[in-house]
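Q: I'd like to learn how to read a model like this one. Could you take me through some features one by one?

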Amino acid sequence: MIAILDSGVANLTSVQAALDRLGAQSIITDDPKVLQNANRVILPGVGAAEAAMTSLKKKGLVEVIRALTCPVLGICLGMQLLFDRSEEGAECLGIIDGEVRQLRVLGDLPLPHMGWNQLEVLDAAHPLLNGIKTGDFVYYVHSFAAPVAGNTIAQTTYGTAFTAMVAKGNFMGCQFHPERSGETGSRILKNFIEMENA
Amino acid sequence: MLAKRIIPCLDVKAGVVVKGVQFRGHEVVGDILELAARYRDEGADELVFYDITASSDGRSVDRSWIKRIANLLDIPFCVAGGLRTADDVRATLAQGADKISINSPALENPALIDALSREFGKQCIVVGIDSREEDGDYYVYQYTGDDKRTVATKRRTLDWVREIVERGAGEIVLNCMNQDGVRRGYDIAQLAAVRAIAPVPLIASGGAGAIEHFTEVFQKANVDGALAASIFHKKIVAIQDIKTTLAQQGIPVRK
């Protein structure tokens, strides 16, 4: 069973619908026991990091998430929460090294970074990227992003390159919205569902 | 490269897609799920659903179609029309809409933009502007959904653009009324004027009638997306043909 973590600030319907389209059973939950017993956990999120972390703390889920051993996928803000902290002013989960920063774009590119942009695959061997190639388009809506670093497995460029996908052990993340990224997004979710547990 | 977006707009009334027939009400174009699937398959980058269902007796309208669309689509979509309060917006996003768009309610109560942006994040708050050129300047119009109620506001369009960005709009759809429905091309001068001062994504609306209008609006007004309705509903041009032409001109598109 895939558990979609109800952080209280996310659009959960579209994530669950994407899993339904893949024929995968999922449950929206904030129950620690359900999360601990799931064989996949998805951490969605939109909005501000501080509000999301406050919600996770209130629900007593910070340590529960950190201790998960099954594959975990953070989406958009959910991925940003995996890092140490966010420039938005929040201490995050501290699972992946680094700080999420406001996108600083050169020139006069509009913000938020909104729309379809291309992936550049850095770690083609990662199971999450099975069948995904450089140049594939995915859908973004965000103003903050993690700089490209050692755990980056794919990057995207908007004025500057940033982490599109990250992976550290069983914790993975997408800055874009796979649930709204057409066939490429479906493939990434399918890879996540079907990958071998570490 | 960030792709330029092609965005079909569907008018929804009581759960079906309609098109306006001037002074004679609305004619049903088709089933909302079928049309949404058709545009998705043809390569639309995003869809806008403009709910024109009247709520004359103040009851909330049936929006159960939003959840069915959210389940069906694997591309983003925006819901516009009839959203007046944070509760309306919360319910719409909870049904699975990625973005919402407000227009007249923002003019009645500009602080609504601040409140929505704070609660839901600016990434999902789109502000629509109906604008018309008069005597060499651009002015905002209100209640354009109903001919009898449409009024000119005293707001200059460029002032309103600056204000809504300041208040937290995450994207602007600029509907240029001089061009609307005539299919003679987007209002390049007006869109370029707004582009020059808008630091958020800008979507062009009103006037698309041929493939070259899309090339022109991206090259000359540097908008982020182009919205159109009748040329897609009437199958005057195909989305893939637009994208092929744009790509040949060196404009980035998602294939």
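A: Helices here are DSSP runs of H or I, at least four residues long, and strands are E runs of at least two, both numbered from the N terminus. This is a predicted model, where local features need pLDDT of at least 70, side-chain atom pairs count only at pLDDT 80 or more, and totals for chains, interfaces and linings use all residues. Residues are numbered from 1 along each chain as its sequence is written, while chains are lettered from A and ligands numbered from 1 in the order in which they are written.

Q: Why is helix α1 of chain A described as largely enclosed?

A: Burial is a neighbour count: a residue is buried if 20 or more other C-beta atoms, placed from the backbone, lie within 10 Å of its own, exposed if 12 or fewer, and partly exposed in between. Helix α1 (residues 13-21) of chain A has 7 of its 9 residues buried, so the rest of the structure largely encloses it. Among the buried ones are A:T13, A:V15 and A:L19.

Q: Which element gives the largest share of the side of chain A that touches chain B?

A: For contacts, check whether the C-beta atoms of two residues, placed from the backbone, lie within 7 Å. Chain A puts 27 residues into the contact and chain B puts in 29. On the chain A side, α1, β8 (113-118), β10 (137-142) and α6 (182-194) each supply at least two residues. The largest share, 6 residues, comes from α1(A).

Q: What does omega tell me about the bond from A:L111 to A:P112?

A: That peptide bond is cis, with omega near 0 degrees. A:P112 sits in the loop between β7 (96-102) and β8 of chain A.

Q: Which residues make the contact between α3 and α5 of chain B?

A: From α3(B) come B:A86, B:V89 and B:L93, and from α5(B) come B:A115, B:L116, B:E119 and B:F120. An α-helix has 3.6 residues a turn, so residues three or four places apart point the same way. By class, this contact has 6 nonpolar, no polar and 1 charged residues.

Q: How far can I trust chain B?

A: pLDDT is the predictor's confidence in each residue, from 0 to 100. Chain B averages 90, and 94% of the residues score at least 70. The model as a whole scores ipTM 0.92 and pTM 0.94.

Methods:
Nonpolar A, V, L, I, M, F, W, Y, C, P; charged D, E, K, R; others polar.
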